[in-house]
Amino acid sequence: MTTHTNTDGHEDGDGGDGAVPTTDVVPVNGVALTRLLQLVSPALPIGAFAYSQGLEQAVASGWVTNEATAAEWLLGLLHNGMGTLDLPVLERLIDAWRIDNLPRVDAWSAWLAACRPTRETRAEERQLGAAMARTLAAIGIRDAEGWEARAHVTQAAMFALATARYAIPTSAALAGYAFAWAEATTSAAVRLVPLGQNAGQRLLALAGDEIPDIVERARALADDELAATTPGQAIASALHEALYSRLFRS
């Protein structure tokens with residue numbers, strides 16, 4: 001089987017028929033694997049558990065009431081937001097950090113922050129990004145120092161920095177980032193709907209089944225195709241700002 005090296009510096013196989021698949025085939029192992037697991041762990045002290053990204057309002061409004069509607073919410077956002085905006089931008093940020101193109105990092109991080117449609121989601125993005133910058137600096141990634149004070153710091157920009165410095169393959173990083181988001185959203189759903197623990201695991205399994213294809217499609221998008229089409233989440237987030245009693249910050 002012939003192999004081809006892509007922009008991640010790893011090899012893809014053509015399966016013997018000359019067609020080169022776009023999905024990474026080289027396994028993530030060694031320190032790159034353990035670092036990726038650390039970056040996507042709920043134990044990473046960035047406070048992601050405090051945000052529901054509009055789900056709390058969706059539950060309060062009766063839009064999400066059970067496991068089936070929670071799955072629709074989760075998979076809808078995964079396909080139409082995470083997969084069409086966050087992951088493609090994350091890939092561009094990783095590419096920029098790999099060659100230390102800081103103006104490009106700044107530009108994509110600011111653009112992603114500007115795509116957040118409400119005050120709460122913009123604040124969430126900045127707070128998670130600043131917390132991740134402090135965490136990365138604390139574990140020895142010096143390039144993260146000072147990013148917590150930047151107006152347009154984003155979680156994606158800091159995750160991309162760690163991905164580049166730890167030599168994590170891009171597709172693996174994107175899959176891990178998407179799964180970590182799905183895990184946080186599922187955790188919020190378990191607490192808010194509420195759902196049982198097994199229902200939560202079924203939701204995560206659904207997300208896990210979808211993520212590889214979502215990553216592959218995300219990597220094929222051109223710059224002018226990047227966007228989130230999640231108006232329901234934007235409306236829920238805006239309404240959440242005035243929700244009387246709430247557990248989450250978004």
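1. Glutamate 125 is buried, at a relative accessible area of 6%. Buried means under 20%, exposed over 50%, and partly exposed in between, with a 1.4 Å probe and protein chains only. Glutamate 125 sits in helix H5. Its side chain makes a polar contact with the side chain of arginine 116, at 2.7 Å. A polar contact is a pair of N or O atoms within 3.5 Å; within protein, one must be able to donate a hydrogen and the other to accept it, and residues adjacent in sequence count only if both atoms are side-chain atoms. Beyond neighbours within four places in sequence, glutamate 125 is in contact (heavy atoms within 4.5 Å) with Arg116, Val153, Thr154, Gln155 and Ala156.

2. On provenance: this is a predicted model, where local features need pLDDT of at least 70, side-chain atom pairs count only at pLDDT 80 or more, and totals for chains, interfaces and linings use all residues. Residues are numbered from 1 along each chain as its sequence is written, and side-chain values use heavy atoms, with hydrogens and water left out.

3. The chain has nine helices and two strands. These are DSSP runs numbered from the N terminus: helices are H or I with at least four residues, strands are E with at least two. The order along the sequence is β-β-α-α-α-α-α-α-α-α-α. Of the 250 residues, 48% are buried. Among contacts between residues at least 6 apart in sequence, 73% join residues at least 24 apart.

4. H5 covers residues 119-138, 20 residues in total. From first C-alpha to last, H5 reaches 29 Å, close to the 28 Å expected. That expected span is 1.5 Å times one less than the number of residues. Buried residues of H5 include Glu120, Thr121, Glu124 and Leu128. The buried residues of H5 pack against helices H1 (30-40), H6 (155-165) and H9 (231-240). Just after H5, glycine 140 has a positive phi of about 105°.

5. Serine 237 lies in H9. It is buried, with a relative accessible area of 0%. Its side chain makes a polar contact with the side chain of threonine 118, at 2.6 Å. Leaving out neighbours within four places in sequence, serine 237 is in contact with Gly54, Thr118, Glu120 and Thr121.

6. The largest pocket holds about 870 Å³ of space. A pocket is an open set of points on a 1 Å grid over the protein atoms alone, where a 1.4 Å probe fits, with protein on both sides within 12 Å along at least five of seven lines; lining residues have an atom within 4 Å of a point. Grid points are joined across faces, edges and corners, and the volume is the space filled by probe spheres set on the points. The lining has 42 residues, with Gln53, Glu124, Leu128, Gln155 and Trp181 nearest the centre. H7 gives the largest share, eight residues.

7. Backbone points to check. Most residues other than glycine have a negative phi, and most peptide bonds are trans. Glutamine 53 has a positive phi of about 55°, and sits in the loop between H1 and helix H2 (55-60). Aspartate 100 also has a positive phi of about 55°. Aspartate 100 is partly exposed, with a relative accessible area of 47%. A cis peptide bond joins valine 193 and proline 194, with omega about -10°.
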